[in-house]
Amino acid sequence: MRLRVDGVCVRLGGTPILHEVSLAAESGQVVGLVGPNGSGKSTLLRTVYRSLRPESGDVRLDGHDVWAWPSRTAARRIAAVLQDDATPPTMTVAEVVELGRTPHHGLFDRNGPGDRAVVREAMKRAGVLALDGRRFGSLSGGERQRVQLARALAQEPRLLILDEPTNHLDIRARFELLDLVRDLGTTTLAVMHELDLAARVCDSLVVLHGGRVAAAGPVLDALTPKVLSRVFGVRARAARDPDGIIRITYAAGPLADGGPVAPRP
């Protein structure tokens with residue numbers, strides 16, 4: 001499914017947060033949102049998964065305005081894995097993942113054999129099938145993230161939204177989760193905090209700075225030395241190594257490049 005965000009503007013409490021933000025994600029691509037804290041990344045995600053209506057601009061999936069869809073239709077097409085999840089800790093893993101089938105049913109419908117097959121496949125893909133009887137509150141951070149991803153997959157979405165999916169995970173859990181996302185083949189828009197991981201997993205990046213798009217495109221086009229200096233305030237460069245992995249190399253001297261970074265007017 002193709003995602004298009006065109007000229008989105010958002011105000012919160014009268015304060016401008018996003019200014020004419022546009023981006024694109026082709027079907028099956030993983031597109032990363034990166035930028036300093038407060039640059040508008042999570043706010044932009046909220047406009048895409050219909051938690052926050054923009055003041056102006058459009059969010060479209062395959063040409064359809066997501067805000068014109070009924071809520072249930074949107075929930076069948078867009079799934080979000082968020083940081084501020086409030087899943088009850090007493091729920092079992094299987095019960096959490098089954099929540100992903102809710103948009104596909106009426107108010108009093110129950111899961112049938114087809115739903116149970118979808119849930120089982122989602123748990124298998126996310127690597128949590130062996131945890132089905134565990135209580136959600138007993139899981140590690142990495143396990144919880146995988147369970148939430150399984151719930152999202154059980155929705156059978158056309159667009160997957162991830163808000164800092166590797167936050168609080170150890171190194172191995174980070175790479176396992178990102179490799180899983182990479183292999184899904186689902187159009188994905190993800191806020192990424194760590195540039196090195198974003199460069200590894202994303203097809204393209206959108207760099208936000210002060211609520212505006214500072215750079216966008218393939219990783220090496222978006223993370224130029226100039227952008228890394230102006231937006232992130234560090235002396236560094238991104239390059240593709242012979243093994244095909246894009247890595248970011250930081251200067252041998254002082255890393256900070258000229259003090260605090262101010263948004264471009």
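Modeller: A polar contact is a pair of N or O atoms within 3.5 Å; within protein, one must be able to donate a hydrogen and the other to accept it. Keep in mind that this is a predicted model.

Biologist: OK. Which side chain does threonine 87 make a polar contact with?

Modeller: The side chain of glutamine 148, at 2.8 Å.

Biologist: Where is threonine 87 in the chain?

Modeller: Threonine 87 sits in the loop between strand 6 and helix 3, which covers 93-98.

Biologist: Is threonine 87 buried or exposed?

Modeller: Buried, because its relative accessible area is 15% and buried means under 20%.

Biologist: What does threonine 87 touch, leaving out residues up to four places away in sequence?

Modeller: Val96, Phe136 and Gln148.

Biologist: Now pockets. How much space is in the largest pocket?

Modeller: About 390 Å³. Its lining has 18 residues, and those nearest the centre are Ala75, Ile78, Ala80, Arg151 and Gln155.

Biologist: Which element supplies the largest share of that lining?

Modeller: Strand 6, with 4 residues. Helix 2 (71-77) and helix 5 (141-154) are also among the elements that supply at least two residues each.

Biologist: How does the lining of the largest pocket divide by class?

Modeller: Into 10 nonpolar, 5 polar and 3 charged residues.

Biologist: And how much space is in the second largest pocket?

Modeller: About 270 Å³. There, 14 residues form the lining, with Leu82, Gln83, Asp85, Arg144 and Gln145 closest to the centre.

Biologist: Which element gives the most to the lining of the second largest pocket?

Modeller: Helix 5, with 4 residues. By class, that lining has 3 nonpolar, 7 polar and 4 charged residues.

Note on methods
Residues numbered from 1 in each chain as written. Predicted model: local features only at pLDDT ≥ 70, side-chain atom pairs only at ≥ 80, totals over all residues. Heavy atoms only, no water. 1 Å grid on protein atoms, 1.4 Å probe; cavity = no way out; pocket = protein on both sides within 12 Å on 5 of 7 lines; lining within 4 Å. Points joined across faces, edges and corners; volume = space filled by probe spheres on them. Nonpolar A, V, L, I, M, F, W, Y, C, P; charged D, E, K, R; others polar. Buried < 20%, exposed > 50% of the residue type's maximum accessible area, 1.4 Å probe, protein only. Contact = heavy atoms within 4.5 Å.
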